[in-house]
Amino acid sequence: MLYPQANTARAVMDLSGFWSFRLRETDPWQTIAVPASYNDLSPDPAFRKHCGLAWYRTRITLPSFFAGQRVVLRFDAVTHSCRVFLNGEQICSHRGGFLPFETELTGLMAPGETAELTVEVDNRINHDTLPIGVENGIAFFGSDNQGITAVEAGKRLQEEKGINRPAFDFFNYAGINRPVRIYTTPKEYIRDVTLIPSLDGTVKFEADAPGIDPERISLTILDAEGRTAAEGRGVSGEIRIANPHLWEPRPGTPYLYTAVFRAGGDEYSLPLGIREARVEGNRFLINGKPFRFHGPCKHEDSPFRGRGTDAVVNLTDINLFHWLHANCFRTSHYPYAEEMYSLCDREGIVIVDETPAVGMWADEHYGWNLAEYHAEVLREMIRRDKNHPCVVVWSLGNEPSTDVYPEKARDYWMPLYRLAHEADPQNRPVTLVGCQNIYEKDLTIPAMDIVFINRYYGWYNLSGDLEAAKYALRMELDWWEDRGKPVVLSEYGADTISGLHGAAAEMFTEEFQVAFYEAVSECLDERDFIAGEMPWNFADFSTEQGPMRAGGNRKGLFSRDRRPKMAAHYFRKRWGQMEENQNGLKT
Ligand code: BDP
């Protein structure tokens with residue numbers, strides 16, 4: 001689905017601002033900000049704890065000069081599902097909280113008219129949603145010993161009251177988390193575009209513009225100075241840029257061309273980066289050169305906004321990535337706002353793009369009926385993000401159970417793996433992020449193009465004993481070495497309270513976090529099949545309450561307000577040195 005754009009043929013109206021909101025149909029309306037999660041916008045605990053439906057309302061007016069245009073209402077993400085009403089009539093609905101959807105207003109509302117727009121949002125999570133909500137009353141981060149009464153009580157309350165218990169470790173932020181816009185196109189318009197670049201400058205293209213004479217469809221590629229670099233015609237074809245500048249991750253140059261499609265009276269432009277991402281043996285290659293992922297995983301999480309999109313937060317984060325000499329992140333654990341991908345295209349930060357399939361750790365989940373919906377979400381994510389040069393790997397999901405019923409797991413995940421390859425015109429490598437498990441029995445994670453494993457030796461197990469942690473990690477890496485694939489340590493980390501210090505470097509101190517990372521680095525640096533290290537997490541982030549969460553997950557290299565802990569300085573130095581040594585990528 002194309003991102004809304006204002007140009008010579010299209011107009012965009014941003015509906016961001018103050019809307020009206022209520023948690024119950026009987027409540028009085030109060031003021032809310034859009035986009036943002038509603039949970040932290042009021043001191044009323046009902047906002048934070050809310051489970052179920054909530055309502056947003058605003059008035060929209062279409063300018064008279066929209067006459068003759070196709071008018072579309074687009075939501076970038078409403079979490080987790082919603083129904084949309086215009087003057088009380090339902091005009092669309094959507095399932096899934098992290099991908100865009102749109103509906104035509106043409107015919108429903110005339111230019112010059114005003115109407116009431118209401119959005120009924122639903123934040124409930126269960127076995128039919130991605131991410132998953134637990135249905136057995138046990139929260140993700142309880143203690144292992146819940147006791148039979150607590151489990152039964154949790155179960156009953158869950159059934160009676162419909163309490164939301166996530167099967168994942170991040171706060172279930174909800175509402176209109178991303179921008180809402182009205183945009184126009186001419187009546188005959190460009191529905192989708194696809195670009196497939198090769199390193200020799202060849203660009204295959206496709207324009208989906210129903211009803212428009214192919215003779216009236218063209219593509220012009222402009223270089224960074226705005227000069228024409230190549231031109232083509234028709235619905236699809238192949239053109240060639242002479243002496244192409246490549247898009248390279250920082251510290252290389254993320255050179256961007258602009259691809260301008262014209263079809264009839266419509267126009268659509270997007271950045272084009274010439275780059276290739278693929279796996280060869282146990283290496284991950286970008287533009288034919290070995291690439292080592294180094295950068296912390298993220299969340300969309302910030303004070304006040306919750307998971308709400310904010311350009312200032314996104315840019316601050318990416319500038320902190322540059323400060324760290326980090327070159328990548330994974331969109332743990334859901335597709336992020338589109339603005340973040342555009343920023344990373346410009347800034348040369350590589351993205352591993354992940355579906356919201358998180359919380360599938362219960363073994364019985366292979367009996368749930370999720371596969372079809374999961375496939376739809378994967379397809380939608382790829383359709384949305386396929387043209388971004390910053391996206392180099394698709395992640396099917398995070399930490400499902402794959403070792404208890406290895407055959408069942410393989411039968412669930414491998415069709416999705418094949419689907420990702422089929423759906424992606426650029427055929428990027430595909431992964432599924434693996435949990436700490438009995439990897440020898442696992443038929444799925446080792447079958448991915450590039451192996452992503454999350455490991456917490458020294459934290460959740462062998463806690464505080466870093467010598468034992470190194471021993472265990474080395475034992476495991478010996479096994480992975482024989483698989484002949486590139487392996488990324490895609491999560492590892494230690495909860496750390498900013499400002500808590502101790503000469504003995506014990507758990508939760510800033511000294512321990514550094515010692516933990518030093519220990520793991522020592523093991524990774526011995527192996528050349530290690531294609532990357534992605535510490536967990538970039539910044540502290542909000543979670544549900546739990547005995548292991550002191551005001552949220554504290555594994556950040558930065559505090560939640562983005563102040564560096566000692567570990568941030570550690571990685572800044574380490575990755576700075578790596579950057580200097582990385583052959584060929586230095587400008
Ligand atoms: C991993 C999960 C991640 C958690 C992390 C942790 O993938 O979502 O936040 O553990 O415990 O298992 O900090």
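The crossing of helices α5 and α6 is right-handed, where right-handed refers to a near helix turned clockwise from the far one by less than a right angle, and left-handed to one turned anticlockwise. The model is a predicted one, in which local features need pLDDT of at least 70 and side-chain atom pairs count only at pLDDT 80 or more, while totals for chains, interfaces and linings use all residues. Residues are numbered from 1 along each chain as its sequence is written, and side-chain values use heavy atoms, with hydrogens and water left out.

The axes of α5 (residues 371–385) and α6 (residues 406–423) come within 10 Å and cross at roughly 25 degrees, the axes being lines fitted to C-alpha atoms over the stretch in contact, with angles from 0 to 180 degrees between N-to-C directions. The two helices, α5 and α6, are therefore roughly parallel to each other, a term for angles under 35 degrees. Helices here are DSSP runs of H or I with at least four residues, and strands are runs of E with at least two, numbered from the N terminus.

A second pair is formed by α7 (residues 466–481) and α8 (residues 510–524), whose axes come within 10 Å and cross at roughly 30 degrees. That angle makes α7 roughly parallel to α8, and α7 passes α8 in a right-handed crossing.

Turning to the ligand, 14 residues surround it, and the closest are Asp169, His333, Glu399, Tyr460 and Lys555; a residue is near if one of its heavy atoms lies within 4 Å. By class, this shell has five nonpolar, four polar and five charged residues, with Ala, Val, Leu, Ile, Met, Phe, Trp, Tyr, Cys and Pro counted as nonpolar, Asp, Glu, Lys and Arg as charged, and the others, Gly among them, as polar. An N or O atom in the side chain of His333 is 2.7 Å from an oxygen atom of the ligand, a polar side-chain atom of Asn398 lies 2.9 Å from a ligand oxygen, and for an N or O atom in the side chain of Arg549 the value is 3.2 Å. The protein buries 95% of the 320 Å² that the ligand exposes when taken alone, as given by the Shrake-Rupley method with a 1.4 Å probe.

Some backbone details remain. Most residues other than glycine have a negative phi, and most peptide bonds are trans. The bond from Leu130 to Pro131 is cis, with omega near 5 degrees, and Pro131 lies in the loop between β9 (114–122) and α2 (148–161).

Methods: A polar contact is a pair of N or O atoms within 3.5 Å; within protein, one must be able to donate a hydrogen and the other to accept it, and residues adjacent in sequence count only if both atoms are side-chain atoms. Angles under 35 degrees count as roughly parallel, over 145 as roughly antiparallel, 65 to 115 as roughly perpendicular and the rest as oblique.
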